[in-house]
Every structure is written in C-alpha cells, then in structure tokens.
Amino acid sequence: LSASIVTPLDFSFAASRRWRLLNEVQVTYSWAIAEIKVFSDTKCQKPLTPTYAVDYVDATSSSPNRSIDGFTYTEWRAPCHICEAKEAWLALHFDEPVTVMCLHLFQ
C-alpha cells in the first residue's frame, strides 16, 4: 500500500456537491483505491467529509463507500479488469457545495 505524492492544487474550481476522480491512463488488473481524503485548503489540513461515493457502474461487488470509510485496508475496485483511459471513475458526494484544494489518494 502506498500513498500518492501530495501536491496542492495551484488553481481553484467552483464549489460543487460532487467531485469525480477519473483514471487518466489505462490501468491493468482493475483500478483499486484504498482511501481518498479531500481537503478544502492547499495545506491539506482542513478535511472535507463526503456523504457517500458512487462509481461509474454503481453495481460493483466492492462498494465505492470503501474508498471513504477511513480504513486503508478496505478498498474500492473498479469493475473493469483492464480499465481504458477515462473509463473508470469514482465520485464523492457532499451535502453542500465544497471546493476541493487538496487530495490524498491511497492505492
């Protein structure tokens, strides 16, 4: 299990109730995400709490909510075995519009 490099965003987005994470390149042997943590500041110190998560199929055997359950030993796994670029995605939903300025991704 490893954590991706944390780099604060150098630009901003409009606030939204839904934020989506998309595979930019092909991923073989299914894309797995152990945990996603999002923050409202560029120093990654003000956590945001998603209400729930959904994926592009919404019918996987591995619940998308495993990606936000606070445990790195559970995971969401994309249903595609070989996920073509931009095929798989996971969306985080919030009760109110938020602006994500930092992301920790555990794969």
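Contact means heavy atoms within 4.5 Å. By that criterion, residues 24 or more positions apart account for 80% of the contacts in the protein with a separation of 6 or more. The legends below describe a predicted model, in which local features need pLDDT of at least 70, side-chain atom pairs count only at pLDDT 80 or more, and totals for chains, interfaces and linings use all residues. Residues are numbered from 1 along each chain as its sequence is written, and side-chain values use heavy atoms, with hydrogens and water left out.

**View 1. The whole protein has 0 helices and 8 strands.** Helices (H or I, at least four residues) and strands (E, at least two) are DSSP runs, numbered from the N terminus. Along the sequence the pattern reads β-β-β-β-β-β-β-β. Of the 107 residues, 41% are buried; buried stands for under 20% relative accessible area, exposed for over 50%, and partly exposed for values in between (1.4 Å probe, protein chains only).

View 2. Strand 3 and strand 8 are joined by 5 bridges. Glu-35 has Phe-106 of strand 8 as its bridge partner, and Lys-37 stands opposite His-104 in strand 8. Strand 8 is mostly covered, with 4 of its 5 residues buried.

**View 3. The largest nonpolar core has 21 residues.** A nonpolar core is a set of buried Ala, Val, Leu, Ile, Met, Phe, Trp, Tyr and Cys residues joined through side-chain atoms within 4.5 Å. Trp-31, Ile-33 and Ile-36 touch the most other members. Strand 1 (16–22), strand 3 and strand 7 (89–98) each supply at least two residues of this core, and strand 7 gives the most, with 4 residues. Leaving aside neighbours within four places in sequence, the contacts of Ile-36 include Leu-21, Ile-68, Leu-90, Leu-92, Leu-103 and Leu-105. Ser-67 and His-104 are also among the contacts of Ile-36.

**View 4. Asn-23 lies in the loop between strand 1 and strand 2 (32–33).** Asn-23 is buried, with a relative accessible area of 3%. Its side chain makes polar contacts (pairs of N or O atoms within 3.5 Å; within protein, one must be able to donate a hydrogen and the other to accept it, and residues adjacent in sequence count only if both atoms are side-chain atoms). The side chain of Asn-23 reaches the backbone oxygen of Glu-84 at 2.9 Å, and a polar atom of that side chain lies 3.2 Å from the backbone nitrogen of Glu-87. Not counting residues up to four places away in sequence, Asn-23 touches Trp-31, Cys-83, Glu-84, Ala-85, Lys-86, Glu-87 and Ala-88.

**View 5. Asp-41 lies in the loop between strand 3 (35–39) and strand 4 (47–48).** Asp-41 is buried yet has no salt bridge, a term for a side-chain nitrogen of Lys or Arg within 4 Å of a carboxyl oxygen of Asp or Glu. The nearest side chain of opposite charge, Lys-46, is 5.7 Å away; Lys and Arg count as positive and Asp and Glu as negative, while His and the chain ends are not counted. A polar atom of the Asp-41 side chain lies 3.0 Å from the backbone nitrogen of Gln-45. Beyond its neighbours within four places in sequence, Asp-41 is in contact with Lys-46, Met-101 and Cys-102.

Conventions:
Pairing = 2+ DSSP bridges.
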